[in-house]
Amino acid sequence: MGNAMSLKNKVAIVGVGESDIGKVPSMSGLGLNAQAAKRALDDAGLKVSDIDGLLTAYSFTEPYTMLGSSLCEYLGLQPIVCASMVAGGASPGIMLRHAAQTVALGLADTVLVCAGENRATGLGRDAAVAVLAQVGHPQFEQLYGGLIPGYYAMIARRHMYEYGTTREQLAAVAVNTRAHALLHPNAHMKTPITVEQVLSSKPIADPLRMLDCCLVSDSAGAFIVTSAERALDLRHAPAYLLGIGEKHTHEHLMCAPSLSDFGATQSGRIAYEMAGVGPADIDVAELYDCFTIVPIIELEELGFVPHGDGGAFFEAGHARIGGKLPINTHGGMLSHAHAGAAGGLFGIVEAVRQLRGGEGERQVRGAKLALVHNEGGILSSHCTLILSNQKG
Amino acid sequence: MQMSLPQPEPNADSLPYWQAAREGRLLVRRCTACGERHFMPRHLCPSCWSDRLEWVESEGTGRVESYSIVHRAPTAAFAAVAPYVIALIDLDEGPRVFANVVGDDAFEVAIGDRVRVTFEDRGNGAMIPQFARVKR
């Protein structure tokens with residue numbers, strides 16, 4: 001890492017917003033982004049003219065080549081900083097890092113980060129599965145009927161083989177997040193599920209079944225980053241960025257250096273080091289959960305439990321609100337919402353809300369330190385970030 | 001109506017690989033500087049960045065590192081042949097490849113299984129490497 005200037009305590013997230021979530025046929029993809037952005041701006045108590053930077057990710061339903069410029073145009077913004085960043089599910093964390101650098105260096109004062117799309121009504125499930133299969137290598141994976149759930153299924157199968165992780169433990173992850181989603185007023189899914197229902201849901205790619213897979217939602221999320229000084233004058237208590245780290249190891253699973261060691265270990269280590277905290281200090285974790293195996297692996301790699309113990313942690317109920325480490329308190333991508341880069345972005349939104357307090361039944365009491373992990377590709381790109389309601 | 005499965009679309013990096021496949025040969029890239037073999041052909045060695053690479057023929061034997069039986073195919077063409085097995089296979093020479101496990105015992109596949117390359121006809125002379133379990 002060299003002698004990089006630390007981003008610790010330099011910036012804060014001061015506003016968060018979610019669009020309407022679920023099937024929202026009355027809104028376009030850019031419209032959902034606009035709704036989330038407006039809600040984040042109102043949440044912060046800022047004016048449109050305060051925004052001088054915008055970062056967004058990518059969209060399958062609004063495939064503008066220059067999505068950042070297109071979104072600025074739609075929003076009527078003429079910022080001095082703008083980019084679209086494409087690192088799959090890791091994009092939101094990476095956008096936060098770039099926003100933090102931008103603000104810390106004084107290149108812009110207030111950066112709006114937003115992402116999402118109308119994946120449910122603009123694509124539909126069949127088209128979404130087909131489009132997402134194009135993430136596979138065109139010559140060496142797509143040719144063989146490769147698909148995203150299939151790649152994650154091979155990772156799950158390997159984890160079961162190496163550590164004895166069980167089908168029931170994978171199901172426990174889905175049940176855990178669904179229970180949390182029921183406490184969230186804006187979550188896509190509104191009915192409880194049981195382990196038995198997960199195990200008897202439609203087979204997708206063995207060992208993964210339908211309820212092991214994330215949702216296809218219409219949704220967008222947004223957050224606003226400004227300097228720690230400026231943050232003190234705004235509506236809500238700031239969520240300070242204490243640490244952030246990335247690691248990138250591959251894009252296609254066939255080229256991954258390992259099928260059981262991924263980049264979360266190192267992205268987490270960088271974030272912990274910058275923040276000056278360790279896993280035992282974290283009060284709440286929002287872990288990327290495109291498939292049930294993923295938060296199990298992240299829990300292990302981020303040092304919360306030894307390798308192989310992640311499944312048992314979920315099965316024992318330790319990830320519930322009120323448990324040892326509440327995980328995905330909003331319901332995650334399995335039950336709250338998933339649409340492109342919005343999925344991981346909602347983890348950041350939820351972490352900020354948990355740090356402010358006041359989330360009622362969903363509130364993790366006394367939460368001071370929140371960890372968010374985003375990953376993109378097939379556990380290819382990782383970003384870990386640590387937020388707190390106090391400077392570290 | 002029978003939808004046809006896709007054919008390879010070679011590029012400058014992969015043309016020799018796909019030409020050899022048409023003749024029933026499995027090639028991998030070998031770096032003449034550091035000796036590392038890699039799959040997914042590239043312009044330079046991903047280990048040492050030497051651009052002095054050669055094509056070498058693989059014995060075509062390897063071991064299943066992981067697999068999945070796919071029930072929900074990504075496209076109509078693959079839906080017509082589902083369920084099918086996808087797998088990551090470590091060739092005995094080192095490189096990891098992705099393919100289907102084929103054959104009448106494909107669904108009995110397990111991690112650690114020995115497999116051997118076989119070639120599947122995708123039409124118009126296009127042959128693609130696949131793997132079958134080695135019977136004991």
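The radius of gyration is taken over C-alpha atoms, and the globule rule is 2.2 Å times the number of residues to the power 0.38. The legends below describe a predicted model.

**Figure 1. Chain A as a whole.** Chain A has 392 residues, for which a compact globule would have a radius of gyration near 21 Å. The value for chain A is 19 Å, which agrees with that rule. Along its principal axes, the C-alpha trace of chain A spans about 50 × 45 × 40 Å. The chain A fold holds 14 helices and 11 strands.

**Figure 2. Helices α6 and α11 of chain A cross at roughly 55°.** Helix α6(A) runs over residues 148-163, and helix α11(A) over residues 293-301. Their axes come within 10 Å. Angles from 65 to 115 degrees count as roughly perpendicular, and those under 35 as roughly parallel. The crossing at roughly 55° therefore makes α6(A) oblique to α11(A). The crossing of the two helices is left-handed.

**Figure 3. Residues where α6(A) meets α11(A).** From α6(A) come Y152(A), I155(A), A156(A) and H159(A). On the α11(A) side, they meet I293(A), V294(A) and I297(A). By class, this contact has 6 nonpolar residues and 1 polar residue.

**Figure 4. An open sheet of 3 strands in chain B.** The strand order is β2-β1-β3, and the pairing is antiparallel. The edge strands are β2(B), residues 37-38, and β3(B), residues 53-57. Each edge strand pairs on one side only. Strand β1(B) covers residues 27-31. Strands β1(B) and β2(B) pair in the antiparallel sense over 2 bridges. Look for R29(B): its bridge partner in β2(B) is H38(B).

**Figure 5. The contact between chain B and chain A.** Chain B gives 28 residues to this contact, and chain A gives 28 residues. Strand β4(B) gives the most, with 6 residues. By class, the side of chain B that touches chain A has 18 nonpolar, 6 polar and 4 charged residues.

How values were computed:
Residues numbered from 1 in each chain as written. Chains lettered and ligands numbered in written order. Predicted model: local features only at pLDDT ≥ 70, side-chain atom pairs only at ≥ 80, totals over all residues. Pairing = 2+ DSSP bridges. Helix = DSSP H or I, 4+ residues; strand = E, 2+ residues; numbered from the N terminus. Contact = placed C-beta atoms within 7 Å. Nonpolar A, V, L, I, M, F, W, Y, C, P; charged D, E, K, R; others polar. Axes fitted to C-alpha atoms, helices over the stretch in contact; angles between N-to-C directions. Parallel < 35°, antiparallel > 145°, perpendicular 65-115°, else oblique. Left-handed = near helix turned anticlockwise from the far one by under 90°.
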